[in-house]
Amino acid sequence: MTDSVHPLAGSPADGRSASASPALPSVTATTESSLAVQVMTAVRRAIMAGQMEPGRLYSVQQLASVMNVSRSPVREGLLRLGEAGLIRFHRNRGFEIVEVSPTDVAQIFAVRTALEVPAARRAASLAQPLDLERVRAQWESMHAAARAHDLEAAAGADEGLHRMLLQLAGNPQAGRLVERLRTTTSFLGVVAATTPRPLGELAGEHDVLVQAVLAGDEDAAGRAMRDHLASTAERQIAQALRARSTPEERVPGLAREIWREAVTGY
């Protein structure tokens, strides 16, 4: 790929003017792999902050310059984002952020439902006392982050709890797949100018799930995970619909319809 787009953003096909260079941080690490992870994190934050937008072309060379790092870890980080369907490369032109569609969101959560509902049931069945203490600690850290209004910490605790339940279910392949799917939907914020969800509500939605796991109640854990994923899916589908200028009065009903169609049979 030739890094020919300057000064980091180019004019896309729709004719929008170039954007200013995003205020990405410099990154430092001991290995190129860890640098690539930092690049991914920085790009994700720039997208969530609206500093990098879907539909515009960006240059790997200029991204590396802004972040004060060589092009190799930048390419590696972007390739990983590409594997998750978040970056599209254009030969000899650069790369662009891919917009996540409402149907994409619904299908991703349908796959997560197929993986995480049985995982929650298995976690409730197989977890040992020390495992349950870890689950409780993760749950408590989510509520602590919510009380502190720490969005990043709350999101990290949320992700950590889901990862922990997948690990307790004993299927690391499912855990890696869910992590990639979560990465994709986490980028939705860039295309959805909506009021952030209250952190207390996010933490509270996990209460029934965690309590079922702690009680060893497989059926309740499965139901709670299904309800939690359905609620999250409909909310993010609605965000994607609003990003496409769907009339607000149509959003709730259309989000439910898209979700029902995607999850039928799962």
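User: Which side chains meet in a salt bridge of 3.1 Å, N to O?

Analyst: Those of Glu159 and Arg163. As a general idea, side chains of opposite charge can pair when their charged atoms come close. The cut-off for a salt bridge is a side-chain nitrogen of Lys or Arg within 4 Å of a carboxyl oxygen of Asp or Glu. Please keep in mind that this is a predicted model, in which local features need pLDDT of at least 70 and side-chain atom pairs count only at pLDDT 80 or more, while totals for chains, interfaces and linings use all residues. Residues are numbered from 1 along each chain as its sequence is written, and side-chain values use heavy atoms, leaving out hydrogens and water.

User: Where do Glu159 and Arg163 lie?

Analyst: Both are in helix 6 (residues 151–168), four residues apart, about one turn of the helix. Helices (H or I, at least four residues) and strands (E, at least two) are DSSP runs, numbered from the N terminus. Glu159 counts as partly exposed because its relative accessibility is 27%, and Arg163 is also partly exposed, at 35%. For these words, buried means under 20% relative accessible area, exposed over 50%, and partly exposed in between, with a 1.4 Å probe and protein chains only.

User: How many salt bridges does the structure hold?

Analyst: Nine. One of them joins Asp131 and Arg134 at 3.7 Å, N to O. These two residues lie in helix 5 (residues 129–147), three residues apart. Asp131 counts as buried because its relative accessibility is 19%, whereas Arg134, at 38%, is partly exposed. Another salt bridge pairs Glu248 with Arg242 at 2.9 Å. There is also a network of salt bridges linking Arg121, Glu218 and Asp219.

User: Is His228 buried or exposed?

Analyst: His228 is buried, because its relative accessible area is 4%. You will find His228 in helix 10 (residues 218–243). Its side chain makes a polar contact of 3.2 Å with that of His162. A polar contact is a pair of N or O atoms within 3.5 Å; within protein, one must be able to donate a hydrogen and the other to accept it, and residues adjacent in sequence count only if both atoms are side-chain atoms. Not counting residues up to four places away in sequence, His228 touches His162, Glu205 and His206, where contact means heavy atoms within 4.5 Å.

User: Which way do the residues of strand 4 point?

Analyst: In a regular strand the side chains alternate between the two faces of the sheet. In strand 4 (residues 94–97), Gly94 and Glu96 point one way and Phe95 and Ile97 the other, and all are buried.

User: How many bridges join strand 3 to strand 4?

Analyst: Four, and the two strands run antiparallel. Strands pair if DSSP finds at least two bridges between them. Ile87 stands opposite Ile97. The two strands form a hairpin with three residues between them, and Asn92 in the turn has a positive phi of about 65°. Strand 2 (residues 57–58) is joined to strand 4 by two bridges, again antiparallel, with Leu57 partnered by Glu96.

User: How many residues has the largest nonpolar core?

Analyst: In soluble globular proteins, nonpolar side chains tend to be buried together. A nonpolar core is a set of buried Ala, Val, Leu, Ile, Met, Phe, Trp, Tyr and Cys residues joined through side-chain atoms within 4.5 Å. The largest here has 68 residues, and those with the most contacts inside it include Phe95, Val74 and Trp259. Helix 10 supplies the largest share of this core, 11 residues.
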